[in-house]
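Trainee: Could we go through this model together? I would like to learn how its inside is put together.

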Amino acid sequence: MSSENVKITPLVLSTGLISCVATALMAWVFVITEEPIAAAQQQKNTAALSQVLPAFDNQPTTEAVTMNGVTFYAARKNGQLTGFAGETISTKGYAGEISVLAGLKPDGTVTTVLVTKQSETPGLGTVVAERVREKTISGLIAGKKETGLPPNKILDQFNGMKAAAGQTPWAVKKDGGDLDAITGATITSRAVGGAVFTIAETFAKNKEQLLKETK
């Protein structure tokens, strides 16, 4: 055996040992963090659902049903169905995917819309997607505390709307529809409107089946 081979062998062995140790450490970290991460995500999902659903005492995430790209969550109070939340992802945002969550009455009427994930342009697309409470000097002086979701004129325009199965998709005024849009953020406005329509129309198409599956 040459001296060169003698030098290489320990190097190979030590490299292999380091790789094994690193792999074992990564597996250990995954095991100890998997449960806390899952719990944190569950808490985040429940918090978002509580913002668009009426009061509930069940675990809506355990009653999730996915239909045509929309995940529906059933809300119950004292065993009675009080509403649904529908969640879908639009791939038509200006900067990528936009996740939209919409509360629905049992008859499919939209109650509240929330954008749960987006990466739109600050000051333009974010005006469409974010709910930010504006603080005024008079409000600060008066010590006024506001509760509930901050208003957003684009997201709030869907409140009370209802889709019928197979109807023409909702559109912004620039495209001949009735929906308002933010100037300079028409793409984001279209994406959000399209996502809410998808949720409402998918519910209308599958209402009977959805009610059966969430009994």
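Trainee: Which residues have the most contacts inside the largest nonpolar core?

Mentor: This is a predicted model, where local features need pLDDT of at least 70, side-chain atom pairs count only at pLDDT 80 or more, and totals for chains, interfaces and linings use all residues. Residues are numbered from 1 along each chain as its sequence is written, and side-chain values use heavy atoms, with hydrogens and water left out. A nonpolar core is a set of buried (under 20% relative accessible area, 1.4 Å probe, protein chains only) Ala, Val, Leu, Ile, Met, Phe, Trp, Tyr and Cys residues joined through side-chain atoms within 4.5 Å. The largest has 33 residues, and those with the most contacts inside it are Val100, Val113, Phe158, Trp170, Val192 and Val196.

Trainee: Which element gives the most to this core?

Mentor: Helices (H or I, at least four residues) and strands (E, at least two) are DSSP runs, numbered from the N terminus. Among the elements that give two or more residues are β2 (70-77), β4 (98-104), β5 (110-117) and α5 (186-213). With nine residues, the one that gives the most is α5.

Trainee: What kind of aromatic pair do Trp170 and Phe197 form?

Mentor: Rings of Phe, Tyr and Trp (its six-membered ring) pair if their centres lie within 6.5 Å; planes under 30 degrees apart count as stacked, over 60 as edge-to-face and the rest as tilted. Trp170 is in the loop between α4 and α5, while Phe197 is in helix α5, 27 residues apart. Both are buried. Their centres are 5.3 Å apart with 70 degrees between the planes, so the pair is edge-to-face.

Definitions and conventions
Buried < 20%, exposed > 50% of the residue type's maximum accessible area, 1.4 Å probe, protein only.
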